[in-house]
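Biologist: I am new to this structure. Could you show it to me, please?
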Amino acid sequence: MSKIKIGITIGDVNGIGPEIIIKALANTKMLDACTPIVYGSSKVLAYYKNIVNNVNFSYNNAKSAQRVDYNSVNVINVMQEETIIEIGRATESSGTMAFKAIEQATKDAKEGLIDAIVTTPINKHAMKLA
């Protein structure tokens with residue numbers, strides 16, 4: 001039996017979403033159960049990895065859900081634009097990334113490239129700004 005592919009959207013990059021992802025996927029047992037694919041930004045995850053203490057977290061940059069490493073956490077970058085992280089603040093940029101992550105994960109699920117989607121918290125105000 002092959003592992004299921006779980007799409008995980010990054011949520012609001014100025015909120016708790018990236019930290020939740022890092023802490024949850026730092027547990028290597030997660031890779032026994034599924035192949036995680038984070039829709040968001042490898043730069044944002046690298047930033048938060050430096051904030052979260054005592055976490056052994058690594059990931060593979062994947063170009064698409066079709067080109068993932070089944071034994072790693074995978075990250076698909078959904079934006080080319082630079083995202084400025086302003087923790088605790090709703091911004092147009094954070095809303096745009098949250099929206100694009102949900103949009104891409106939904107598209108991949110509809111195409112059968114991932115088996116399920118998990119979303120981390122979004123900020124409705126930031127989404128409205130976007």
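Modeller: Leu 25 counts as buried, because its relative accessibility is 7% (buried means under 20% relative accessible area, with a 1.4 Å probe and protein chains only). This is a predicted model, where local features need pLDDT of at least 70, side-chain atom pairs count only at pLDDT 80 or more, and totals for chains, interfaces and linings use all residues. Residues are numbered from 1 along each chain as its sequence is written, and side-chain values use heavy atoms, leaving out hydrogens and water.

Biologist: Which helix does Leu 25 lie in?

Modeller: Leu 25 belongs to helix α1, residues 17-25; helices are DSSP runs of H or I with at least four residues, strands are E runs of at least two, and both are numbered from the N terminus.

Biologist: And what does Leu 25 touch?

Modeller: Leaving aside residues up to four places away in sequence, Leu 25 touches Ile 8, Met 30, Pro 36, Val 38, Phe 57 and Val 73, where contact means heavy atoms within 4.5 Å.

Biologist: Which residues of α1 are buried?

Modeller: The buried residues of α1 are Gly 17, Pro 18, Ile 21, Ile 22 and Leu 25. They line one face of the helix, because they fall within an arc of 130° seen down its axis (the arc is that of the directions from the helix axis to the C-beta atoms).

Biologist: What do the buried residues of α1 pack against?

Modeller: Those residues pack against β1 (4-9), α2 (30-33), β2 (34-40) and α3.

Biologist: Changing topic, how far apart are the C-alpha atoms of Leu 25 and Ala 90?

Modeller: Their separation is 25 Å, and the two residues are 65 residues apart along the chain.

Key. Buried means under 20% relative accessible area, exposed over 50%, partly exposed in between (1.4 Å probe, protein chains only).
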